[in-house]
Amino acid sequence: MICFPIRTVPTLFIKGFTADDVQTILNFVRKADSNSTARTRDVLFIDTPITGPTVEAVHKLKAEGYRVIYRDHHAVEGEPASDRDRQVIKATEKLRQNLGSDCLITTRGLHPACSTLVSVGEFKDALAIVADPDADGLTAAMKAVGIFYEGMDEDAAKLDGQPSLQVTGTPLSQLLAKGVATLPTYDPEKHDERERAQERLFARWVSAVEGDQRAIDSLQTGVTTYDEAVLASHEIAPKAREVAPGVVLADVMLTPFFDVGTLLALLEDRPGCKVTVIKKGNGPIAALHGVQYSLAVAKPYQDEIKFPSLLPPHAKSDPSGGIISNLSFLLHVNERVWNEYILPGLRNLP
Ligand SMILES: [Mn+2]
């Protein structure tokens, strides 16, 4: 959990996935309430994915007399394509019933950045903010309390977009994007390490946007690390090989220092590349199974190739079973699922 005040508004960055997360959200708001000099009992949820536990936390806060305002862009676009989509649709309906006009849930197509769902300073008197722990949640929360610069909405859309777009914003935005790109990868042994680093980065970037020169200087070191990681990606990419028609695999088991956005862009640039695969020794599946295959469909082929169709019937998205599948164009699997289902399926794609 990442938690710090933005201006004076206590802000919690969290994805609500478990019963513990519900408790964390409730405790955070109650604590903010007991310390508060805020003029309202408004709690803003912004860019937080619509999960069962998040909806439960919202209902409980309402029952305790808080006013919850929900702004998000994770509504399902078009027909539901997975169980997760159907859950989102049900949970969205529940939220709308409970919150009425305080609930604004739109799509990424219409609102690529959540900062466009608030006006500058609209929630400067809020009791607390609960935001998604990423750059989009951060920029939206900042704008909500009144921290804004020319081009911030456009930067936020890039920061929330494809990896290759994330570092293409204004110089200020690049301090954040390159810092995020060089955070330590998640390690269950040192479960807090990445989160603490991310918290420092977020807080520093808020200071940088507010004009603090020391914060800007310290973020520059992240930029240097990023530039080195980009060079490493340029060394790895030429060694990638085609394992099925249009499927390009880079093995980084022995070279874990690289920039993933750059590597993916280089692989996708190969003529005929439709699917990229990174075989790596870190990530939530690798932590349990030793190896993780992380797959992505290149943008022009995302309507044509949907990973759920390659999975075994009734597959569950769960690292312990060796599968993480939330979006149709991204997939993470272990060695067994890769060999038994995914690689044969990719070889048989039309
Ligand atoms: Mn977002």
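1. Where is the place of Arg 86? In this predicted model, Arg 86 sits in helix H3, which covers residues 83-99. Arg 86 is exposed, because 12 other C-beta atoms lie within 10 Å and a residue with 12 or fewer is counted that way. Val 76 is ten residues away from Arg 86 along the chain, and the two C-alpha atoms are separated by 8.6 Å.

2. On the overall layout, the protein chain is divided into domain 1, residues 2-161, and domain 2, residues 235-347. The centres of domain 1 and domain 2, taken over C-alpha atoms, are separated by 31 Å.

3. Next, a helix pair. Helix H1 (residues 19-35) packs with helix H2 (residues 52-63) at an angle of about 35°, and their axes are 9 Å apart. The crossing in which H1 passes H2 is right-handed. On the H1 side, the contact is made by Ala 19, Asp 21, Val 22, Ile 25, Leu 26 and Val 29. On the H2 side, Pro 53, Glu 56, Ala 57, Lys 60 and Leu 61 take part. Eight residues of this contact are nonpolar, three are charged and none is polar.

4. The largest nonpolar core has 63 residues. Which of them touch the most other members? They are Val 43, Ile 46, Ala 128, Ile 129 and Ala 141. Helix H4 (residues 135-145) gives the most to this core, with seven residues. There is also a second, separate core of 32 residues, and Val 247, Leu 249, Ile 305 and Leu 331 are among its members. As background, nonpolar side chains tend to be buried together in soluble globular proteins.

5. Two residues have a backbone angle to check. Most residues other than glycine have a negative phi. Asp 47, however, has a positive phi, near 65°, and His 314 has a positive phi near 60°. Asp 47 is found in the loop between strand E3 (42-46) and H2. His 314 is found in the loop between strand E10 (292-297) and strand E11 (323-324).

6. Are Asp 47 and His 314 buried or exposed? Asp 47 is buried, because 27 other C-beta atoms lie within 10 Å, where 20 or more are required. His 314 counts as exposed, because it has 6 C-beta neighbours inside 10 Å.

7. Helix H10 (residues 260-268) is mostly covered, with seven of its nine residues buried. The buried residues of H10 are Gly 261, Thr 262, Leu 263, Leu 264, Leu 266, Leu 267 and Glu 268. What covers them includes three helices, H6 (163-166), H7 (171-181) and H9 (213-236). The cover also includes strands E8 (247-251) and E9 (275-280), together with E10.

8. Phe 258 lies in the loop between E8 and H10. With 22 C-beta neighbours inside 10 Å, Phe 258 counts as buried. Not counting residues up to four places away in sequence, Phe 258 touches Ala 229, Ala 232, Ser 233, Ile 236, Val 252 and Leu 263. One of these, Leu 263, is itself a buried residue of H10. Phe 258 and Leu 175 are 83 residues apart in sequence and 18 Å apart in space, C-alpha to C-alpha.

9. Helix H8 (residues 193-209) contains Arg 200. Is Arg 200 buried, exposed or partly exposed? Arg 200 is partly exposed, because 15 other C-beta atoms lie within 10 Å, a count between the limits of 12 and 20. The C-alpha atoms of Arg 200 and Asp 125 are separated by 24 Å, with the two residues 75 apart along the chain.

10. Glu 210 is found in the loop between H8 and H9. Glu 210 is also partly exposed, with 13 other C-beta atoms within 10 Å. Between Glu 210 and Pro 300 the C-alpha to C-alpha distance is 38 Å, and the two are 90 residues apart in sequence.

Definitions and conventions: Residues are numbered from 1 along each chain as its sequence is written. This is a predicted model: local features need pLDDT of at least 70, side-chain atom pairs count only at pLDDT 80 or more; totals for chains, interfaces and linings use all residues. Axes are lines fitted to C-alpha atoms, for helices over the stretch in contact, and angles run from 0 to 180 degrees between N-to-C directions. Helices (H or I, at least four residues) and strands (E, at least two) are DSSP runs, numbered from the N terminus. A crossing is left-handed if the near helix is turned anticlockwise from the far one by less than a right angle, and right-handed if clockwise. Two residues are in contact if their C-beta atoms, placed from the backbone, lie within 7 Å. Ala, Val, Leu, Ile, Met, Phe, Trp, Tyr, Cys and Pro count as nonpolar, Asp, Glu, Lys and Arg as charged, and the others, Gly among them, as polar. A nonpolar core is a set of buried Ala, Val, Leu, Ile, Met, Phe, Trp, Tyr and Cys residues joined through C-beta atoms within 7 Å. Domain bounds come from an automatic or database domain assignment.
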